[in-house]
Each structure stands twice: as structure tokens, then as C-alpha cells.
Amino acid sequence: MGYFLPSSSRWFTSCSPGGARRSATPPLSTSSTSPRSSPSLPSSPHSSTSSDSSVSISSSPFFVLPPMFGLPKMMTPPSLLTPSPKNMMRRPFSRRTLAKSLAALQRMTGKSLAGLPLENFDYESILGQCCEMPIGYVQIPVGIAGPLFLDGREYMVPMATTEGCLVASTNRGCKAINLSGGASSVLLRDGMTRAPVVRFATAQRAAQLKFFLEDPENYETLSMVFNRSSRFGRLQSIKCAIAGKNLYMRFSCSTGDAMGMNMISKGVQNVLDFLQNDFPDMDVIGISGNFCSDKKPAAVNWIEGRGKSVVCEAIISGDVVRTVLKTNVEALVELNMLKNLAGSAMAGALGGFNAHASNIVSAVYIATGQDPAQNVESSHCITMFEAVNDGKDLHVSVTMPSIEVGTVGGGTQLASQSACLNLLGVKGANREAAGSNARLLATIVAGSVLAGELSLMSALAAGQLVRSHMKYNRSSKDVSKISS
């Protein structure tokens, strides 16, 4: 199967996955003045007039996707639009290369990307860690909620979102918390997990490995093997589950200020290699067997926790409930019971016993360079409202067992996200107490969720939700007249 490459005018033939070879077919002649050889960059309202002199310009070889992708002949595969990941690791980006890639994509699809900005972004910063084959970047506005008074300190919380009313609502919750003396938090657990799945010929043999791993006498040896992978990764526990002759081993470890998925994966690989000596019949099916469980709602995370487990609470005075939140304690308690508890149970929710924790988690994650896909388990939350002090005041809490955050690695190193972390005082690694920055970020996330829950539930209890969204999240134009 062959692909025709407009940019180089050569036939390539695909081979096995992971590689490609050039065919013997000679290159077709092309004119250097062809418009396809000098694509123009589409205009963007965000483009700048900076020249290419600030970046080095280099040509990069292309590669071909294997046949499994099912691309038809004479169609440019996406991989041809930008340099291959291997070469992008070695060569600097240039605006001209990216402009050609963007123009080639528009020719291939026939779709305009005029609104996708290309300029004013440090593409070197994403090489090898954030994104492959870039053609631009998407802009998301960042708002500030706060100050959030948490554990005796004030935080201005950055939130990246396109949902109108979200920042304003969270800000109102922060105000209610501040006027009532602030919120407090407790970190219950701190450990990232990874769970490989292995298979044996019999269930008895799988059980033998389970007993070996859970035997306290073997823990020290396994810890030494695991801990060789990192200065910060320290094995905490191994919990096993069996399904027939398949064994799932859920490793948990501390990861310093990193979110820690790569760190724990390296440690797990060390242990698997070590176990092959005593269990040569062990067949490693995958280093992740979904018993971790990453980026999926799972009861194991809801019960056992993953990442940082945090509980955050505050007592909101009755006066603040009436004057700031525009409702009353009794109405909030009743609504929480019927909506967040009974309503979520009716829906068969897993970790979703809250109003909108994922809204706040996602917004803070995107602003601070976290993995937004981990919003799935990080938003596991149960919100509790209870009348206290003879029914005059409101005790509100959020319990979140799986907040997965880091302040080093991945997107945290990008300029915008790094600035947001710096605003919170948790940028980078804490050299005095490893892991304390990531733990603090987790408590800030929980405190922000507390504020968001308090405000949204109050809007619902007071019947203000629709009116608020019409004001902050919808156009005021009469769309019926526009459509007619």
C-alpha cells in the first residue's frame, strides 16, 4: 500500500507498525513555484508580526502510518503534516514548518483553521512531554475566584473555563466561607497507584504470588526493588485481587511533588522483573490492568483512594446564608439530602454524590497544568450539609478520596500553567519538604470545590440558577427575531 506525499512528491510504502520504507519508485517532478510547495499561513486575530529570526528553521523528515490505520491511497496521513515524534525530539521547531503543516492540513481536509492561533507560543517547551504534531493552540480564558480563606491562609484560585457563571459562583462561595471564618482541610492519604495484571497457568499459582506479595516478611525486599526507580517514589503497599488465574496487583507509592504515574510505573516494572526470578511462569499481560484505576470511575478509588484523599469543611453562619447565599439553612440541608444523596443514589452514581465538583476540578486542573482526563476520579466527592448550633448555622463538607495533582512535570512546566501555580504558591518542587506543594494544591482544589458546591446549592435552593445563567452564560439577544 502506498501513500503520495505532496510535500516531498515521493511514493512511500508502508510496512510493519513502527516503521516505513521508501519505495524504489523515483520521485515525481514538481515545480518549485507550485502553490503547494509554499503554503500560506491563514490569518488569525491573535497572530503577531514577529519574524522567524528568533527560531531556527529546519526541515524534518516525515513518516508513514502503518496499514492498520486504513488510510486510502493518495490521501495525506496526519503524520505527514508535521515532523515525526522521534525527529521532533531532536530538532527545534520553526514557525515556517508549523505554518506548512497547518496549510497542508487545510488542503487535505478542505476546512479553514483561520481562528486557530499559531504565533506567540513556546513550542520548544512541549517537546517530549506535552504534545506531538502541533498545529497551534487553543485559548481558554482564566478567571480568579477568591480569596479563599483555607487553613489560615488566603488563596486566589485560577480557573480556566468557558462556562459562564462558574467563576462568579465559586467566588460567591469563597466570600461566604471567608465571612464565616474560613474553611479547614485534612489530608487523609497520599499515594499514587498502578495495578499490573499477570496470568498463570492455574489459579493456584496466581494465589501463590498473591500470598507472596502480601506477606509482611517480603515487603522490605520488594520495597528495595521498587524504590530503586526514583528518589521520591517510595512503596507504601501492595493489594491483590484474583479473577480466575489472573492476578491484579495494586501498588501504592508516594511520589513527591509529581502526580507520579511515570514514577510508579517504573517502580512496578522493577518489581515485575524481580518477580520473574521466582515466578518464571508469570505472564505479564499489561503494566496497567485497570485495577489502578486511572481516568475511569471506579469503586476502588472511591473506597481506597488514589492520589491525595482530602476532606474540607466549614461552618457557614445563618446570617451569611441569608445575606450572601440568599437562602436558608433548612432549605440547603433538605436539598442536599434529596439531590446529592438520594438523587445520586437513584441515578446509581459512583463517587458522584455532589452538585458539580467536576466543574471546579476541571477548571483548576486546566489552569495549573494537571492532566484534565484525571478529572474523572479526581471529582469523586460526597458533599454533606448539616444544621448545627440549634439549626442556626450550616456545617458543609466535601470528602474527595482521589485528587490526582502534581506541581512538577507535564503541563505544569508550561509558562501559563506555571504562572497559575506560582499564584497559589505551589510552583515546582518543594525542596524543604518533598511533596508538600502537591499536597497543598490538593487541599486548595478541595477548598475550591467546597466553595463551588455551597454557591450552586444555594442558587438551586433559592431558585436562582436559571436567572444567573441567563445573566452570565447566555446572550441577551432575542434569538427568535434573529432566526426569523
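Let me begin with lysine 295, which is partly exposed because its relative accessible area is 34%, where partly exposed lies between buried, under 20%, and exposed, over 50%, with a 1.4 Å probe and protein chains only. Lysine 295 sits in the loop between β10 and α7, and its phi is near 60 degrees, a positive value in a residue other than glycine.

Please keep in mind that this is a predicted model, in which local features need pLDDT of at least 70 and side-chain atom pairs count only at pLDDT 80 or more, while totals for chains, interfaces and linings use all residues. Residues are numbered from 1 along each chain as its sequence is written, and side-chain values use heavy atoms, with hydrogens and water left out.

The loop between β10 (283-286) and α7 (299-304) also holds serine 293, which is joined to cysteine 292 by a cis peptide bond with omega of about 0 degrees. Another cis bond runs from glycine 146 to proline 147, with omega near 10 degrees, and proline 147 belongs to strand β4 (residues 142-150).

Cysteine 165 has a positive phi too, near 90 degrees; it lies in the loop between β5 (153-160) and α3 (166-179), and it counts as buried because its relative accessibility is 14%.

As for the whole protein, there are 15 helices and 14 strands, these being DSSP runs numbered from the N terminus, with helices (H or I) of at least four residues and strands (E) of at least two. Of its 484 residues, 46% are buried, and of the contacts (heavy atoms within 4.5 Å) with a separation of 6 or more, 70% link residues 24 or more positions apart.
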